[in-house]
Each structure stands twice: as structure tokens, then as C-alpha cells.
Amino acid sequence: MDTYEKIIGLAKRRGFLWNSFELYGGTAGFYDYGPLGATMKRRIENIWRDIYVIGEGFYEIETPTIGIEPVFVASGHVHGFSDPMIVCSGCDSAFRADHLIEGIVEIPDTLSAPEIKQLIDKHDIKCPQCGEVGMFGDVFDFNLMFKTTIGPGTQRMGYLRPETAQGMFINFDRLFRFYREKLPFGVTQIGKAYRNEISPRQGVIRLREFTQAEAEIFINPRDKSHPRFSTVKNTVIRFYPASHQQNASEGNSGDGDKGIIELTVGDAVDRGIVAHEFLAYHLVMTNLFLTRAGIDPARLRFRQHQPDEMAHYAVDCWDAEVLTDRFGWVEVVGIADRTDYDLSSHAKHSQHDLSAVLEYDTPKQVEQIVVKPDMSLIGPLYKDKAGKVLAALKNLEEDDLSGDKISITVDGEEILIPHDVVEYETVIKEVRGENVVPHVIEPSFGIDRTIYAVLEHSFAEELVDKETRNVLRLPPEVAPVQVAVLPLLTREELINPAAEIVEMLRKSGIFVSYDDTGTIGRRYRRNDEIGTPFSVTIDYDTLDDGTVTIRDRDSMAQVRVQIGELAERINAMMRSGFDSP
RNA sequence: GCGGCUGUAGUUUAGUGGUAUGACAUGAGCUUCCCAAGCUUAUAACCCGGGUUCGAAUCCCGGCAGCCGCACCA
């Protein structure tokens with residue numbers, strides 16, 4: 001039994017993760033979070049909020065999980081998120097159609113489905129599976145987005161969002177105003193995203209419905225330094241730069257620490273390994289989040305995308321990857337500088353300006369030509385074209401005015417304008433700033449994968465008195481149950497004070513479970529297995545002197561404390577660990 | 001989506017053409033018992049549909065799901 005099976009088995013047995021729809025046989029790619037899983041997930045999301053929303057001041061927003069078609073046309077998902085597939089009728093195997101003609105055309109992914117089919121027929125491409133020629137059906141697009149329709153009647157097309165990001169991009173202008181029109185600013189969203197994977201196989205690693213936590217940080221494209229970089233520059237991170245990777249596919253091999261270098265992020269920026277401070281700062285934030293959530297730092301690395309692996313518009317992209325027993329290195333976070341791609345694309349498709357004014361420190365004095373056409377002459381001269389002539393004249397640069405006549409182009413036709421219908425003068429104008437489309441830094445977190453990795457990294461099997469003890473060493477902040485209250489025996493004289501202690505701890509905001517079944521040892525083990533960091537035991541001494549024991553999950557050590565200080569001690573231990581006597 | 005394998009309580013497992021074995025787990029109770037091992041007791045299963053048959057959980061067919069391989073993988 002490998003670790004994955006142990007973790008999924010434990011998660012299923014104890015109520016972390018369940019296959020969805022199991023009552024009706026189940027469907028791959030969907031998981032339910034059970035009572036412990038949902039609690040743990042919420043705690044991990046709250047750590048994320050603590051870092052990004054509270055720590056960085058990136059407000060959280062919430063946008064619909066269904067998007068209308070134009071949004072995903074602009075984002076590129078309608079065209080780019082689908083793969084051309086083709087099925088061989090000889091052996092019923094399905095292939096990526098564009099992959100079949102890779103050797104024939106340079107960039108197959110720019111071709112339409114019929115074009116690809118034509119090429120396949122023309123070049124007598126063989127089926128890679130059965131070797132038959134001419135058995136291929138038509139090329140069809142398989143889009144990874146779930147499609148739906150909005151409203152009755154006209155059936156407007158909608159898609160379940162494949163990422164939470166677009167909801168933030170398309171609110172850019174409102175957000176910019178909310179942040180009083182200053183760069184940089186960030187916004188976050190935690191929510192569900194959907195991808196209709198062809199064949200999800202790896203449990204919670206590849207889901208059809210999953211939770212993303214994303215931040216979009218809009219920055220000045222001319223200045224990618226980070227105002228607080230000095231506070232993080234000495235943080236050491238495990239880098240796996242592109243230049244250390246043999247090829248892009250190597251990323252998944254569980255090949256230990258090969259090629260990983262440990263560096264401070266300050267050095268990494270100085271040496272040009274990370275493109276700029278802003279990106280490096282967010283590598284640190286990601287590192288912070290993952291380790292605080294319970295990822296083992298020794299099984300975490302930041303892998304840089306190869307140039308050919310990165311989206312064409314991106315400047316630099318790093319994946320936080322965690323080492324798992326069965327799947328090797330798994331991407332849990334992607335951190336990219338997406339430049340102005342998203343905003344520019346939405347600006348173009350929506351025909352709305354999505355730029356920001358960057359104010360200069362001091363206004364610049366700029367010489368400008370002001371063209372003053374004499375419409376009383378131009379009007380009669382050009383009649384119905386006069387309007388367009390006017391617009392063209394206003395856009396002229398100084399150089400265009402030097403010839404005998406002024407040349408402009410209207411509707412593709414060159415028109416020569418005599419000088420005497422246009423007056424122009426040079427004026428000094430004060431320019432306070434300029435319009436730029438902000439660049440976007442996007443850290444994108446896969447919460448479900450993170451949860452799996454935290455479970456795997458915190459899981460340990462130990463031999464205690466020749467018995468195996470399963471223990472999840474979850475950080476107290478992440479553990480679903482924080483304290484278990486356990487009367488030593490199921491006797492009224494112990495149960496009653498135990499109930500009072502439960503009540504008291506709950507009032508101080510601690511999540512408590514109560515358990516009085518079976519032997520005490522069994523209950524400790526049960527709580528070890530779900531990661532409960534502390535157990536409080538009520539015994540006969542409690543009745544004599546008003547003390548209880550706090551038992552530490554990791555060391556199994558115990559300390560006696562007065563009931564009166566119990567809540568305070570527990571709270572302190574949740575912050576800074578068990579303090580032994 | 002294709003091929004192979006698989007499908008018995010929550011988990012694991014025995015078994016057979018006559019409705020099923022054990023273990024662990026779980027519930028109730030006992031127990032002055034601090035690290036899953038005690039005592040009593042209880043609950044709980046043959047993936048779904050069709051066929052063959054007097055009778056199917058068992059044989060046959062189909063479906064569904066899971067695992068593995070192929071393909072796919074922002």
C-alpha cells in the first residue's frame with residue numbers, strides 16, 4: 001500500500017474526503033469534503049486570507065461561477081482551452097489532432113479543425129495506435145469548459161469558469177477606482193472553478209470542480225520593484241530554475257533534490273534568476289503560506305517554467321511544487337507575471353479603456369503641434385469626407401507637415417491637403433502622466449491539491465510499543481479538531497466535569513470534540529490520526545485537586561494544569577507549541 | 001474515449017447454483033484502566049439491470065464505478 005492509498009483511506013475513513021455521488025455509483029473528478037475535510041479546508045483558506053487579504057491588504061471579492069461567452073472569448077478560453085481531437089475508426093483511439101501533424105506545419109495550433117483534417121488526409125497520416133491510414137473521422141474541438149445556457153428562449157451561451165481570475169480582470173476599472181486609482185493594488189478571490197477533464201485519474205489532484213485561491217496584483221509595468229522587498233530579501237527559497245531542467249517534462253519525476261538550489265530571494269533577483277522583485281516577493285508569500293499550512297519545506301520547490309512552456313505573453317512564471325509519494329512533484333501554485341495580456345485583451349474585446357494614468361513625479365513640459373484646420377474651406381472642398389479628413393488632420397505629427405502638401409489617408413485613399421486650409425502652431429503643454437495598461441502578477445493556488453499535500457506531508461506512522469501509531473502532525477492552526485476532551489472512564493463523576501470543560505473551552509472559541517467511548521489509549525490514537533493537537537483528560541485527581549492533563553499529540557507527553565488556566569494554556573500552546581513541564 | 005483487471009458490511013476478507021465466514025472498525029453497557037490488545041452485547045454486506053434456472057450473490061450479457069496501461073492534462 002503506497003502513501004497515497006494510506007492518505008486517501010484515512011481521509012475517507014475519518015471524514016476528510018469522500019467520493020461524490022457515491023450513493024449513485026460515483027463519478028470521477030468530484031470529491032466531497034466531509035466534516036473534518038471541510039473544516040480543515042476552511043482553516044487553510046483562512047491562513048491564505050490572513051496572508052493575502054489581511055497581510056497584503058488585497059480585498060476579497062466574489063464573482064459568479066458562470067461566465068458569459070464574451071468573457072471567455074476575450075480570455076482565450078473559448079479557442080485556446082479546447083483541444084482538437086480526432087478518433088481513428090480502425091481502433092477507436094482518440095488523439096490530439098494537432099499533435100499528428102506536428103512535423104508538417106510549424107504552428108499546428110493556429111489551424112482550424114477542417115484545416116487540420118485536410119492536412120492529415122493529404123499527408124496520409126498513420127494512426128499511431130493501429131497504423132491504419134485514412135481511418136480518421138472528423139476533427140472536433142473538445143473544450144475543457146463546461147457549457148451551459150443562460151435563461152430560456154434565446155439560449156445565451158454560458159460557461160462555468162475555468163479559473164476565478166476573469167471575474168477580477170473584468171472588474172478592473174471599478175477596482176481601480178475603489179483603490180483610489182493608484183498602482184499597485186491587489187484583489188483576491190477564493191472559489192470554485194470547473195474544467196471538464198477528459199479523464200481525471202489522480203483523485204483530488206485533478207478534479208473537475210476544484211477550489212482556487214487567486215490574487216491579481218496590478219502593477220506599474222515600468223517599475224516592478226516591490227516596496228517591501230527589503231523585508232523578505234533574506235528569505236531562503238528552494239529554486240529549480242529553467243536552466244537546471246533538462247526538459248520541461250522532467251518536472252514530474254520525483255527525482256529528489258536534483259537541480260534545486262537554495263538561495264535568498266535577494267540573490268535570486270540580483271543574479272537574474274527571478275525576473276523582478278515583485279514576482280520574487282510573491283514567491284516568498286507562497287512559501288510562507290504553504291509552510292504555515294503544513295507543507296514540509298524539504299518537499300517544496302519553486303520550478304521555473306521553460307520559455308516554451310510559458311504562455312507567450314508571460315515574462316516569467318514559477319510553480320510551487322510539492323513532492324508526493326505517488327505522483328512525484330505536483331504543482332500546487334503558479335505565480336506568473338502575465339504582463340498586460342488580460343487587461344489589454346478585455347479592453348480590446350469590450351471596447352473599454354482599461355488603462356491607468358501614471359502620474360509623473362513632476363509634470364513634463366512637452367512641445368506639441370496643435371492643428372487648426374479651417375473648416376469653412378475644408379467643408380466645401382471635401383464635402384462628405386470632410387469629417388474624416390478633419391479627424392486625420394488632428395492626428396498628424398510634426399514631421400507630416402513638412403512637405404509641400406499634407407498627405408493623409410482616408411478610407412485607404414491618399415489625399416493631399418494644401419497648406420492654406422490648415423493652420424498649426426507649436427504649444428508647450430504640461431503633461432501630468434501617461435496612460436499605461438497595468439501588468440498583472442498572478443499567484444494562483446490550488447487549494448485541493450494543497451490539502452492533499454498537507455495531509456501527506458503531515459502523515460507519519462510510528463512504532464509505539466510495537467504498535468503502529470498513525471499521526472497527522474498538522475499545524476494546530478490547520479487541524480480540524482483543536483482539542484479532544486476525554487474523561488478517563490465513562491463514569492458519571494468524570495463525565496460531568498468533562499462536560500463543563502467542553503462548555504468552557506467552546507466559550508473561549510476553541511473547536512472541541514468530546515469522546516468517552518472505549519479505552520483512553522484508543523481515543524488518543526483516534527485523535528492522533530485526525531491530527532488533533534491536544535487532548536484534555538479528566539481523571540480522579542481532577543476531583544481531588546481541580547487539575548486536568550493536557551496531552552501533546554506529537555510527543556505524547558502530558559502536563560497537568562489547573563482547570564482555571566486551561567483555556568489560556570491551550571491557546572498559548574496552539575500558537576507556540578506544547579510546553580512540557 | 002480505448003484496452004486489461006476488479007467489484008461481498010465502514011474497512012479488509014472467506015466462500016459456494018439453495019440468500020454468506022472471520023477480523024478490524026462502530027454503537028450500548030461494564031471497568032479508579034493514561035496510550036488502539038479486557039468483559040458483555042448489538043448493528044451491519046454479495047455494484048446495478050436483464051437473461052438462463054424451480055432457485056443467481058455465484059453462470060451469461062449489458063451497464064456503472066474503481067484501479068492499471070494508452071491518450072489527455074489550464
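Is Arg14 buried, exposed or partly exposed? At 28% relative accessibility, Arg14 is partly exposed (buried is under 20% relative accessible area, exposed over 50%, partly exposed in between, with a 1.4 Å probe and protein chains only).

## About the model

This is a predicted model, where local features need pLDDT of at least 70, side-chain atom pairs count only at pLDDT 80 or more, and totals for chains, interfaces and linings use all residues. Residues are numbered from 1 along each chain as its sequence is written, chains are lettered from A and ligands numbered from 1 in the order written, and side-chain values use heavy atoms, without hydrogens and water.

## Salt bridges

The count comes to 32 salt bridges (a side-chain nitrogen of Lys or Arg within 4 Å of a carboxyl oxygen of Asp or Glu). Arg14 has one with Glu529, their closest N and O atoms being 2.6 Å apart. This pair links distant parts of the chain, 515 residues apart: Glu529 sits in helix H16 (residues 520-529) and Arg14 in helix H1 (residues 3-14). Helices (H or I, at least four residues) and strands (E, at least two) are DSSP runs, numbered from the N terminus. Glu529 is buried, at 6% relative accessible area.

Glu197 and Arg206 also meet in a salt bridge, at 3.1 Å from N to O. Here Glu197 is buried, with 16% relative accessible area, while Arg206 is partly exposed, with 26%. Elsewhere, salt bridges that share partners join Glu462, Arg469, Arg473, Asp528, Arg551, Arg553 and Asp554 into one network.

## The cavity

Let's look inside. A search of the whole structure finds one cavity of 30 Å³ or more, and the largest cavity holds about 40 Å³ of space. On a 1 Å grid over the protein atoms alone, a cavity is a set of points where a 1.4 Å probe fits but cannot get out, whereas a pocket is an open set with protein on both sides within 12 Å along at least five of seven lines; lining residues have an atom within 4 Å of a point. Grid points are joined across faces, edges and corners, and a volume is the space filled by probe spheres set on the points.

Tyr31, Tyr33, Lys192, Leu207, Glu209, Phe210 and Asp448 line the largest cavity. Among these lining residues, Glu209 and Lys192 form a salt bridge of 3.3 Å, N to O.

## The second largest pocket

The second largest pocket has a volume of about 260 Å³. Its lining includes Ile68, Phe169, Asp173 and His352, and helix H3 (69-75) and helix H11 (341-350) are the elements that give two or more residues to this lining.
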